[in-house]
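Me: I would like to learn how to read a ligand site in a model. Please take it one feature at a time.

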Amino acid sequence: MSSGQRRVALVTGSTSGIGLAISRRFALSGHDVIITGIAEQEAIDKILDEFKNYKVRCSYVGGDFTKEEDMMKLCKDITAIYPEGIDILINNAGFQHVCSIDEYPIDIWNKMVAVHLTASFLLIKYFVPYMKKKGWGRIVNTSSQMGLISTPGKTPYSAVKAALIGLAKGTALETAEYGITCNAICPGYVETDLVTKQIHVMAEKEEKSFEQKRNEFFGSVHPSKKPVTVEQVSGLVLYLCSDDAASTTGSAISIDGGYTAQ
Ligand code: NAD
């Protein structure tokens, strides 16, 4: 942090996977971190215990992102901890549901829109005024390679991930004069719960062991023949949230081992 200030980062969906890695990276570089997500109390306590080692303030603020009232309470709970609001917002909470469009359940579509898109919209709407007042802010939406292209079974996921790019572009234009940037990142396959669940389903369908399918999948899906790692994604996010990235706004940045270059 070149400003020497301790900045406050809210990372949604940070009880596991990419969000947890981003939070860890922020804490290790001296930012206060607010963790959110749905997890057992034991898992949350374990994260809070780990973060005590990083000598920054780390808070967990709960809420189910499918519920607007939870979102409003989460915003209020955060401003009770930080009356001047946050400096960095990472809209990262999400989940996957693979199913053809003709059989896709409407309740899962609604949940998909709520968790990925409406929650991000509400958090941007709520926290941008605080960032404008500070004259500094960083927002990153975790989109996906599926926000740039699609694949059968992931149509609603692609729809919300593409919308997160639009949300980033519009927000970037509306906030550019205020020292605020807003970007979307588009990761390829990262080995987290969200993807291992999909590999389990594929392995079962193809009557293969999980390990065999895992190696086949990551050995072929990206031109790099490797999964994207949570460390690589968190490194990109840290850069986008630095002072050096002040001119990078309204971008959709791929980090996908070449997947969308094909
Ligand atoms: P993950 O399952 O490890 O983490 C998802 C996080 O979102 C968890 O903290 C979970 O509690 C939270 N979440 C889910 N539903 C929620 C709800 N209703 N309310 C509040 N929080 C909720 O998965 P991940 O791979 O780390 O995914 C993080 C983000 O990255 C997601 O937006 C995902 O779409 C995106 N992404 C993942 C990949 C990948 O390959 N893993 C690739 C591109 C984009």
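**The ligand site**

Reply: The ligand takes up the space of the largest pocket. A pocket is an open set of points on a 1 Å grid over the protein atoms alone, with protein on both sides within 12 Å along at least five of seven lines. This is a predicted model, where local features need pLDDT of at least 70, side-chain atom pairs count only at pLDDT 80 or more, and totals for chains, interfaces and linings use all residues. Residues are numbered from 1 along each chain as its sequence is written, and side-chain values use heavy atoms, without hydrogens and water.

Me: Where does the ligand lie relative to domain 1 and domain 2?

Reply: Domain bounds come from an automatic or database domain assignment. Domain 1 (3–188 + 229–261) and domain 2 (191–227) both give residues to the shell, so the ligand lies between them.

Me: Which polar backbone atom is 2.7 Å from an oxygen atom of the ligand?

Reply: A polar contact is a pair of N or O atoms within 3.5 Å. The backbone atom at 2.7 Å belongs to V190. A ligand nitrogen atom is 3.1 Å from a side-chain N or O atom of D64.

How values were computed:
Polar contact = N/O pair within 3.5 Å; in protein donor to acceptor, adjacent residues only side chain to side chain. 1 Å grid on protein atoms, 1.4 Å probe; cavity = no way out; pocket = protein on both sides within 12 Å on 5 of 7 lines; lining within 4 Å. Sits in = over half its atoms within 2 Å of the grid points.
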